[in-house]
Every structure is written in C-alpha cells, then in structure tokens.
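Reader: I would like to go through this model in short steps. Can we begin with the chain and then move to single elements?

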Amino acid sequence: MKKFLCEITKCHFRTSETKAFNILVAIILLFCMVITVTGCGNENPTGNQTNSSANSKSDKIETVTNLKVIKDKLLYKEIGYFINGMAKVINDNGKYGYIDDKGKEVIACQYDIGGDFGCDLTVVKDEINYYYIDKKGNKKLTFEKSKYECYDFYNDIACITEKDSSNSFAIDLNGNKIFGVEKNWQASLFWLDFDYSIPYYGCQYFINRKGEKVFANGYERADNFSNGFAAVYAKKDGKTVGGFIDKNGATVIEPQYDKVGNFSEGLAPVLKSENKWGYINEKGEVVIPFNWTVASIFSEGLSAVRKTADSSIAYINKKGEVVLETKYDFGSDFHNGVARVRNSRSSETEYNSDSYYNSMNSVLINNKGTELMEVSTHTYISITDNRIVTKGEDGYWAIYEAK
C-alpha cells in the first residue's frame, strides 16, 4: 500500500516541491480514501470531481472499441489530467502552462506553478504574485506572493492564507471574502460536496458555504460528504469503527465497520473484523457479501476487487457477480469505458526509477476486458473529460479519446 500511495504522488508532477503541490497530493490521497484502505481503485483524481457524473451514466456506458488519436508528438516534461477541457503542462524549463482538449497550447508555459481548472478559474504563480486566471489566460484576481499563499477553487470556493498571521479565509470567484477559516484549515473546502464541508481533517462539525456551523456530528472524526453521505468514526469496545450520517446530520448507518469507503452509485465498500470487504446500500443493508480481501468504489457499474491476497484483480457488478476477470494484480476504476491495469513492480528500486515510469508496463482495457493499448505508467485517464494522455517510449505525449 505504501508503494501504491507513493505511485499516486509520482503520477502528478514530481518536479514540484511547493506547499501547493503537497496540498494537491493530500487532496489526491483523500479523494482516493478507498484506495488507501482497499488497495485498488481510482488513480485519476481531479480535486473537485464527485461521483455524481458516474452515477447518472453508470448503466449507459457503451463498450469502447478503439482509442482515437486527438493529438500526438507533444513534447512536454509532464502533462496532467484533463479537467473541464484543460490540462496543465510543464516544459523543460519547469514552467507551467495549459493545453485544451485538442492538444493546443492556449496558455503559454510561463508560471512557476499551476493548479487545475476545476471551475472557470485556476491558480498560478510567478516570481511576484499569485493569479487566478481564466481559460484564456486572463488574470482575474491577484494576490501578492509575499503576503499570501493561494489555493485552487473547489466548487467555486478557494482558500487564502495570510503569511504573517497564518490566518486563512475563503473567497468566491469574484475574490470576495466569504468567511474566515481556522488555522488548521483544509485547502480543499467543498471539493467533494457543494453544500457542506469539514473545515479540516478530523473535525467534529460541518460548515456550509457561508462558513456557518450547520451541525456537529458528535463523533470522533468525520470525512467529507460524498453522494449525500459522510463517513463518521466512533470508539466502541476500545476500537475505532465507521458508519455514515446524512445531510441532516442524522446517523443513518451506525458505526460498526473496521473501515468504510465512500458511497458511489448507491453502494459503499465496508470492512468487517474478519478482514473481508463487502458492500452496503444506502439503507445499511449488506447487498454484496464479505468475500473480498480488497475492494474499490463502484464506477460505471463495476468495482475492482480481489478474492485473496494472491489472486488477480477482477471486476464485479452491483449483484456481486464477477463479470470481468483479468491477469493483472492492479486495476483502476472505469472512466468513459476505460480502465488501466498492470502488474506490480518487482522491487522498490525498480519502482522508484524513471525507467519504471517510462516503461510500457500498463494496459488500457474496456469493460469487456479487451486490451486496447499498451501504455506507460505516465498515463492519466480523466474523470471529467473523455481524454486519456500517455507518454510513449520515445518521450512524446499523445492525447486519445475513447470511442
């Protein structure tokens, strides 16, 4: 698991050592909470992307038969995930810019750091200031770098920290201050849910978009809402167990499980003391028995699971039936009909080497298990956009669309 979390970190721009990058990595790991407790799942976090889009189309996904080249021979040091039609890029000089979903560079590589277009604006930084820019590169908001640390927007709210006082506050898209935030604030306010957020990890209350405390959950700690439910944790018989509350703050599933994952497409993975995973519905009813040593959230009607520690990854449907078997020991979630599968590294040394990341050691498959293309570990499947970016052995990047 340690290796896997390290891989998620490396999947994003390993050249950045800034605080903002560390926050982004924290958001990635938080979004992939199910991965941290189950060992398989989504490698393609986007900051503010929720599972709602997957819910609406989960039963309507057509089988992808090919990957259409949108643009190839792109020469960048890194290309990130496509989010709302834009992807950040880094040139050989370490400067950030942006390309559109056709592969055209629409914002030149000129910034020391760049965020993601989770909404109409994203944050960038040069030697003097932080800016919030639009998709044409126009500077809409400016904050002096010497006075502030600025972070990306999530569901139209961003956090700003004053360097002198360490006090923080939230702003809207017009730069208006909405409310103050406690010193141990969470930069990713409202990244998963539009209505409510915990102001920091482990907090025992939620706030609304005005910064008001809407209800205290009364538990040891809570996670952010996802698809209408938030995981909460309490001490029982000397150990911490998890359950769920709804958006009224009411306990709908009593804390009883060793670990819980987010609800997605009406189901959530939960772990029992026998170290086996199963799935419950929104009423708390067990709908898929506790048969799995690893499990993930559902995406497009499928979830990656493993029967035993030594078995290959398989995909089950919402009835718990294995509908897709693989020969691989890792499988990502499906997005736009495509998932990435691979086998593990043979050693930590190999895993940490650039040759591992540039090697063609992964395969993209469709929801029937057909192998579409062999790709490098530098491959990112967008959650919000039908775009896949991958780096070839020749060092060039290409953009694909699933058809």
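This is a predicted model: local features need pLDDT of at least 70, side-chain atom pairs count only at pLDDT 80 or more; totals for chains, interfaces and linings use all residues.

Reader: How many helices and strands does the protein chain have?
Author: The count covers the secondary structure of the protein chain. It comes to six helices and 34 strands.

Reader: What share of the residues of the protein chain counts as buried?
Author: The protein chain has 403 residues. Buried means under 20% relative accessible area. The share that counts as buried is 56%.

Reader: Is strand β4 mostly covered or mostly open?
Author: Strand β4 spans residues 96–100. Tyr96, Tyr98 and Asp100 point one way, Gly97 and Ile99 the other. Residues on both sides are buried. With five of its five residues buried, β4 is mostly covered.

Reader: Which residue of β4 is the bridge partner of Ile90?
Author: Strand β3 covers residues 86–90. It runs antiparallel to β4, and five bridges join the two. In β4, the partner of Ile90 is Tyr96.

Reader: Which residue in the turn between β3 and β4 has a positive phi?
Author: The two strands form a hairpin, with five residues between them.

Reader: Which residue of β5 is the bridge partner of Tyr96?
Author: β4 also pairs with strand β5, residues 105–111. The sense is antiparallel, over three bridges. These strands form a hairpin too, with four residues between them and Gly103 in the turn at a positive phi of about 90°. In β5, the partner of Tyr96 is Tyr111.

Reader: Why does Lys327 count as exposed?
Author: Lys327 sits in the loop between β27 (322–325) and β28 (330–331). Exposed means over 50% relative accessible area. Lys327 therefore counts as exposed, since its relative accessibility is 59%.

Reader: Which residues does Lys327 contact, leaving aside its neighbours within four places in sequence?
Author: A contact needs heavy atoms within 4.5 Å. Beyond those neighbours, Lys327 is in contact with Ser312, Asn343 and Glu371.

Reader: What separates the C-alpha atoms of Lys327 and Ala314?
Author: Along the chain, Lys327 and Ala314 are 13 residues apart.

How values were computed: Residues are numbered from 1 along each chain as its sequence is written. Side-chain values use heavy atoms; hydrogens and water are left out. Buried means under 20% relative accessible area, exposed over 50%, partly exposed in between (1.4 Å probe, protein chains only). Two strands pair if DSSP finds at least two bridges between them.
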